[in-house]
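Dear colleague,

Please find the sequence and structure of the protein chain below.

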Amino acid sequence: MSEDTGGGVEGGAHERGNGGSAGALLVVGDVVTDVVARHRTPLVRATDTAAEIRTLPGGAGANVACWAAYSGLADVRILARVGTDAGGWHEEQLRAAGVRPQVVLDGEAATATVISLVDATAERTFLTDSGAALRLSTADWSASLLEGVAHLHISGYLFFAGTSREAARLALREARERAVPVSVDPASAGFIAELGVDRFLEAVTGADVLLPNEDEARLLTGLPDPADAAAKLSRHFPVVAVTLGAGGALLAAGGAVHERVPAVAAKAVDTTGAGDAFAGAFLAARLAGADDAGAAAAGCRAGARAVASVGGRPPLP
């Protein structure tokens, strides 16, 4: 459910490095059914607008996990809650992508669904029904999920509802107690504004890596320039990587931007999931031993590949 370019892996086999020996990545996040509608002309109210429509697996957390596996990380896991309506299909799709799903089936709420309206410029607008995704609870979490895990990634969408926020905070806290690094993708400027910047920043306190896009970084800091925003955020989070779409990415630490990573040229058809691609490839590269600049470059290659195809997932192996 995220946007922004900033990355693209040439192909799983091409980017493996020593990923097979890296520790596991655990994603705690959202699994979503995406309905992607690409319309070449502006929407016309109260009548028909021609579109190309596809139903695809998605979700910010699930997309990150799939891109990490596609980037060569051998052990990628995800904890998420889905409805019984589509849970089996999503588990199959995750396994096919090389991800080990820990899916909690919800008999009372349907699987989260997002309608992604993609215009002729490849920009997307979301209509979101969070369904079962934000019903992930502390009862679904167990510290045993951290066994063998070298990094925990939390999708920011979980912080936008009370029940899932408690689950995300518990996961973050127990990871920190076990010295497992934690990253957070803020996920949605719109939902951050609705929740409140201060409440969001308080909820993600303790994260080691923050992965916002430029709109989220501006909102979280009140600063119009993304470099200034990245620098300010890095006073609170040890590593900040801000994705800038066609502008690449910024890396900041200790209150200053220290790397500007260029984007990879791509013909964009759908920007859905580009930020998720960046995050997945970035985390996989770090776990494989890359420094932050090298990891951001891998993220930028993944983002470029993501925008060149429809939907937020990499191609299946």
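Predicted model: local features only at pLDDT ≥ 70, side-chain atom pairs only at ≥ 80, totals over all residues.

Residues are numbered from 1 along each chain as its sequence is written, and side-chain values use heavy atoms, with hydrogens and water left out.

The chain as a whole

For 317 residues, a compact globule would have a radius of gyration near 20 Å, and the 18 Å of the chain agrees with this. The radius is taken over C-alpha atoms, and the globule rule is 2.2 Å times the number of residues to the power 0.38. The C-alpha trace spans about 55 × 45 × 40 Å along its principal axes. Of the 317 residues, 58% count as buried (under 20% relative accessible area, with a 1.4 Å probe and protein chains only). Considering contacts (heavy atoms within 4.5 Å) between residues at least 6 apart in sequence, 73% join residues at least 24 apart.

Strands and sheets

The chain holds nine helices and 13 strands; these are DSSP runs numbered from the N terminus, with helices (H or I) of at least four residues and strands (E) of at least two. Strands of a sheet pair through backbone hydrogen bonds, either parallel or antiparallel. Here, two strands pair if DSSP finds at least two bridges between them.

Strand S2 (residues 32-38) has six of its seven residues buried, so it is largely enclosed by the rest of the structure. Seven bridges join S2 to the antiparallel strand S3 (residues 52-58), where Leu56 is the bridge partner of Asp34. Seven bridges also join S2 to S6 (residues 112-118), which runs parallel to it, and Thr33 stands opposite Thr113 in S6.

Helix H1

How many of the eleven residues of helix H1 (residues 60-70) are buried? Eleven of the eleven are, so H1 is largely enclosed by the rest of the structure. Among them are Asn63, Cys66, Trp67 and Tyr70. After H1 comes Gly72, with a positive phi near 110°.

Yours sincerely

Conventions
Buried < 20%, exposed > 50% of the residue type's maximum accessible area, 1.4 Å probe, protein only.
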